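Subject: Two-chain model, handover and notes

Hello,

Here is the structure I said I would pass on. My notes follow below it.

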Amino acid sequence: MNDSYLLGLAFGILIAVAIFAVFAVVRKKRGVETKYDERQEFARGKAYRHGFLTLLIYCVAVGMVDLNFGTVWCDVYTAMMLGFLTAITVFVVECILTDAYFAVGERPAVWLVLTGFIAALGLVVFAKDLGDGKRLVENGALTHITINLAYGAAFLVIFAAMLFKTLKDRAAEK
Amino acid sequence: MKNLRLKAARAGLDLSQQQLADMVGVSRQTINAIEKGDYNPTIKLCAAICRALGKTLDELFWEEDQ
């Protein structure tokens, strides 16, 4: 991982924080507050537990592979990010499927578009990396460009879950 | 077990699930889950629903055979 990658990573984090801050200010000005009802809070707690368990199982599995086989299948940073994304995806998808992801009165359309955009962005950046001659696997180990693929895949799964739930809800309302 | 009495009381006032949900401050899916029997609401939410529909707790939530 070189300096330009770290700089790009820091810039990406800054952009994400800035977007989050703009959303928070707009919501505050409009008087929109994130409020989950009692069923949603219960469902979110359950989903959080499953996400946390997923992360624990992943950490144990990665540790066991390293301890018993000594196989270097990717660097620590990539392994950490893959576990983090997997756990977050489990949490978000379960919340979406149990109608506990969007707060009371919140409309999923904006998030559907945003999620689709982030998924596409992750996959486009991954494709660009491959186009630039970077390799997904080097010396038998995944390289850090796997993270872009994982971001794209995770958001694609979340996007699919949102789309499925939105269409299912519309059909039920009819 | 489905809560048909809640559904009937809501329909009696010509309210949609969304309208009742807005009145008691929950999501439409939560009202749907209560009517389908998939979720047991707390006493606080039961009371709010009763107030919104002008019914008593007994009329909407008490099971005679329990």
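Where in chain B does Asp14(B) lie? Asp14(B) is in the loop between α1 (4–12) and α2 (17–24) of chain B. I start with this residue for its backbone: Asp14(B) has a positive phi of about 60° although it is not a glycine. Most residues other than glycine have a negative phi. Asp14(B) has 7 C-beta neighbours inside 10 Å and therefore counts as exposed.

Asn139(A) is not a glycine, yet has a positive phi of about 55°. Asn139(A) sits in the loop between β1 (137–138) and β2 (141–142) of chain A. Asn139(A) counts as exposed, because it has 7 C-beta neighbours inside 10 Å.

Confidence

Please keep in mind that this is a predicted model. It scores ipTM 0.84 and pTM 0.82. For chain A the mean pLDDT is 87, with 96% of the residues at 70 or more. Within chain A, helix α1 (residues 3–30) has the lowest confidence, at a mean of 77, and helix α3 (residues 76–97) has the highest, at 94. For chain B the mean pLDDT is 90, and 97% of the residues reach 70 or more. In chain B, confidence is lowest in helix α5 (residues 57–61), at a mean of 91, and highest in helix α4 (residues 43–53), at 95.

Chain A overall

Chain A contains 5 helices and 2 strands, and along the sequence these follow the pattern α-α-α-α-β-β-α. Its C-alpha atoms fill a box of roughly 55 × 35 × 30 Å along the principal axes. Of the 174 residues in chain A, 21% are buried. Among contacts in chain A with a separation of 6 or more, 80% are between residues 24 or more positions apart.

Helix pairs in chain A

Two helix pairs are described here.

The pair α2(A) and α3(A): helix α2 (residues 38–69) of chain A packs against α3(A) at an angle of about 155°, with the axes 8 Å apart. The two helices are therefore roughly antiparallel to each other. The crossing of α2(A) and α3(A) is right-handed. Residues of α2(A) in this contact include Ala43(A), Ala47(A), Tyr48(A), Phe52(A), Leu55(A), Tyr58(A) and Val62(A). On the α3(A) side they include Ala79(A), Gly83(A), Ala87(A), Ile88(A), Val90(A), Phe91(A) and Glu94(A). By class, the contact of α2(A) with α3(A) has 14 nonpolar, 5 polar and 2 charged residues.

The pair α4(A) and α5(A): helix α4 (residues 108–131) and helix α5 (residues 146–173) of chain A pack at an angle of about 155°, with their axes 8 Å apart. They are therefore roughly antiparallel to each other. Here the crossing is left-handed. From α4(A), the residues that take part include Pro108(A), Trp111(A), Leu112(A), Ile118(A), Leu123(A), Phe126(A) and Asp129(A). From α5(A), they include Asn148(A), Tyr151(A), Gly152(A), Phe155(A), Phe159(A), Met162(A) and Thr166(A). The contact of α4(A) with α5(A) comprises 16 nonpolar, 6 polar and 1 charged residues.

Where the chains meet

In the contact between the chains, 9 residues of chain B meet 6 residues of chain A. On the chain B side, helix α3 (residues 28–36) of chain B gives the largest share, 3 residues. By class, the side of chain B that touches chain A has 4 nonpolar, 5 polar and no charged residues.

A buried residue in chain B

Ile34(B) lies in helix α3 of chain B. Is Ile34(B) buried or exposed? Ile34(B) is buried, because 25 other C-beta atoms lie within 10 Å, and the cut-off for burial is 20 or more. Leaving out residues up to four places away in sequence, Ile34(B) touches Asn3(B), Leu6(B), Tyr39(B) and Pro41(B). Leu4(B) is 30 residues from Ile34(B) along the chain, and their C-alpha atoms are separated by 9.8 Å.

Regards

Definitions and conventions:
Residues numbered from 1 in each chain as written. Chains lettered and ligands numbered in written order. Predicted model: local features only at pLDDT ≥ 70, side-chain atom pairs only at ≥ 80, totals over all residues. Axes fitted to C-alpha atoms, helices over the stretch in contact; angles between N-to-C directions. Helix = DSSP H or I, 4+ residues; strand = E, 2+ residues; numbered from the N terminus. Parallel < 35°, antiparallel > 145°, perpendicular 65-115°, else oblique. Left-handed = near helix turned anticlockwise from the far one by under 90°. Contact = placed C-beta atoms within 7 Å. Nonpolar A, V, L, I, M, F, W, Y, C, P; charged D, E, K, R; others polar. pLDDT = per-residue confidence, 0-100. Buried ≥ 20, exposed ≤ 12 C-beta atoms within 10 Å, placed from the backbone.
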